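User: Hi! I am new to protein structures and would like to learn how to read one. Could you walk me through it?

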Amino acid sequence: MKKGILFFAFLTAISVFSCKNKDNWVVTKKVQYDVQIISPDPSYDWWIQNIVGPDRDRLTDLLIEAPAKGKIKAYDYFNEPLSVDAVQKLLSDTVSVTMSRKTPPYELFDTNYIKEIKAKDIVKVRFLEEWRMDTVSLQMEKKVYGISPIIKFFDQDGKFRGYQPLYWIYTDKDFKKIVKVGI
């Protein structure tokens with residue numbers, strides 16, 4: 001009797017999983033998109049294009065500190081590994097600016113200043129994912145392959161020029177196969 005119940009349970013489990021797999025559709029093997037994590041408009045509901053402060057801080061701290069300390073491997077735009085030193089240099093930018101003295105004869109002089117990128121500077125996160133959908137329930141499954149912190153980019157005159165990804169953090173050891181063009 002026990003063997004019969006176990007056999008029936010085994011067949012039921014197989015049929016449930018095999019039916020589920022037939023209804024599981026790969027929508028895309030690879031999709032990349034940006035998500036704002038700080039609301040661009042204070043009139044939006046708190047959760048629209050926003051992650052609540054403490055949760056956002058925890059995420060951005062992890063995305064900056066872990067690669068800078070070598071706890072998580074970071075990769076450049078061409079998917080080559082970055083050393084801890086290279087990550088730290090990315091997070092610290094030396095800018096040369098020509099300025100004018102405030103007193104006559106208002107001579108021009110060059111000065112350098114160091115701008116450090118901090119966790120609070122991250123305004124978006126870029127994801128690289130695979131999407132699957134259950135065609136019966138329309139439930140989506142997403143597998144995250146990569147995450148990239150994104151900051152606002154300003155020129156040396158302080159004009160906003162767009163958004164700049166810092167580096168990629170991959171969550172899958174076979175990421176090179178995934179990010180390869182055409183897959």
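User: Which element gives the largest share of the lining of the largest pocket?

Analyst: Strand β7 does, with 4 residues. Keep in mind that this is a predicted model. Elements that give two or more residues to this lining are β4 (92-100), β5 (108-116) and β7 (140-154).

User: How is such a pocket found, and what is its volume here?

Analyst: The general idea is friendly enough: rolling a probe the size of a water molecule over the atoms shows where empty space is left. In this model, the largest pocket has a volume of about 480 Å³. Its lining is made up of 19 residues, and Asp93, Lys115, Lys152, Phe153 and Phe154 lie nearest the centre. By type, the lining has 9 nonpolar, 3 polar and 7 charged residues.

User: Now let me try a single residue. Is Asp134 buried or exposed?

Analyst: Here we need a cut-off: a residue counts as buried under 20% relative accessible area. Asp134 is at 17%, so it counts as buried. Across the protein, 26% of the 183 residues are buried.

User: Where does Asp134 lie, and which backbone nitrogen does its side chain reach at 3.1 Å?

Analyst: Asp134 is in strand β6, which covers residues 122-134. Its side chain reaches the backbone nitrogen of Ser137 at 3.1 Å. A polar atom of that side chain also lies 2.8 Å from the backbone nitrogen of Val136.

User: How many helices and strands does the protein have?

Analyst: There are 4 helices and 9 strands. Reading from the N terminus, their order is α-β-α-β-β-α-β-β-β-β-β-β-α.

Definitions and conventions. Residues numbered from 1 in each chain as written. Predicted model: local features only at pLDDT ≥ 70, side-chain atom pairs only at ≥ 80, totals over all residues. Heavy atoms only, no water. Buried < 20%, exposed > 50% of the residue type's maximum accessible area, 1.4 Å probe, protein only. Polar contact = N/O pair within 3.5 Å; in protein donor to acceptor, adjacent residues only side chain to side chain. 1 Å grid on protein atoms, 1.4 Å probe; cavity = no way out; pocket = protein on both sides within 12 Å on 5 of 7 lines; lining within 4 Å. Points joined across faces, edges and corners; volume = space filled by probe spheres on them. Nonpolar A, V, L, I, M, F, W, Y, C, P; charged D, E, K, R; others polar.
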